[in-house]
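Work through the exercises below with the sequence and the model side by side. Each task is followed by a solution in steps.

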Amino acid sequence: MKRITLSLALSLLTLAGVSAAAPAESMPASTNIPEAAYPRVDTSSRATFRIHAPEASDVKVDICGKKYDMTRDSDGNWTATTDPLVVGFHYYFLVIDGVSVIDPATEAFFGCGKMSGGIEIPESPEAAAYYTFNKDIPHGQVRECKYYSDIEKAERRCFVYTPAEYETATDRRYPVLYLQHGMGEDERGWHQQGMMANILDNQIAAGKCVPMIVVMDYGN
């Protein structure tokens, strides 16, 4: 995945208890909802998923098309650990008795042409520095903007990044980068999954690029 690199089946889903034994040397994924103990990522870049679905008869986790069978315990918790995963962001789904659903423990992202779960497999702090939030530098803003399209005769939405100095340097003109999402994604992709604002903030602060406006619009 990029980085300059959100009924019956749902009635079965509840978050696994945080008291359940966790794999050694693992930590909750950064893409989890607040307080969710699973999914977890270990030091070998393997992910462990857990879902409480006591009435289900078959549960799998589907990561980018590769499916892992989940194992049920006596309390109705289903668990699976993946092979080592490539660092970065991955979309995933739970498949419960043949129905593909979003894990309630993850934030939801638009990818694969629909809303999905997502998991971030971390890399070393050194390798991740260019897209990591840095508290010691100025930060720009990302705005959600609505506008009317004369071509589509409808309301559209885009996200616009402005650099940290934009609010005060009112007489300055800025170059504009139109940043396109990937296939199956939408205008949220670079802002949410791609950490675009962190990347631009860090590059501008380091003098590696000029302050600029970035427009992310729906391209399909």
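**Exercise 1.** Which residues of α4 are buried?

Solution. This is a predicted model, in which local features need pLDDT of at least 70 and side-chain atom pairs count only at pLDDT 80 or more, while totals for chains, interfaces and linings use all residues. Residues are numbered from 1 along each chain as its sequence is written, and side-chain values use heavy atoms, with hydrogens and water left out.

Step 1: find helix α4 at residues 196-205; helices (H or I, at least four residues) and strands (E, at least two) are DSSP runs, numbered from the N terminus.
Step 2: apply the cut-offs, where buried means under 20% relative accessible area, exposed over 50% and partly exposed in between (1.4 Å probe, protein chains only).
Step 3: list the buried residues, which are Met196, Ala197, Asn198, Ile199, Leu200, Asp201, Asn202 and Ile204. Eight of the ten residues of α4 are thus buried, and the helix is mostly covered.

**Exercise 2.** State which elements the buried residues of α4 pack against, and how the helix is placed.

Solution. The partners are β12, β13, α3 (189-192) and β15.
Step 1: α4 lies across β12, β13 (154-162) and β15, and runs at about 35° to β13. Axes are lines fitted to C-alpha atoms, for helices over the stretch in contact, and angles run from 0 to 180 degrees between N-to-C directions.
Step 2: look past the helix, where Gly207 follows with a positive phi near 75°.

**Exercise 3.** Give the strand order of the open sheet and name its edge strands.

Solution. Step 1: two strands pair if DSSP finds at least two bridges between them. The four strands have the order β12-β13-β15-β14, with mixed pairing.
Step 1: β12 (141-149) and β14 (176-178) pair on one side only, which makes them the edge strands. Neighbouring strands are turned by 25° against each other on average, direction ignored.
Step 2: β14 and β15 (residues 213-217) run parallel, joined by three bridges. Tyr178 stands opposite Val215 in β15.

**Exercise 4.** Is Val142 buried, partly exposed or exposed?

Solution. Step 1: locate Val142 in strand β12.
Step 1: Val142 is partly exposed because its relative accessible area is 24%.
Step 2: leaving aside neighbours within four places in sequence, Val142 is in contact with Phe159, Val160, Tyr161, His191, Met196 and Ala197. Val142 and Thr162 are 20 residues apart in sequence, and their C-alpha atoms are 6.5 Å apart in space.

Note on methods: Contact = heavy atoms within 4.5 Å.
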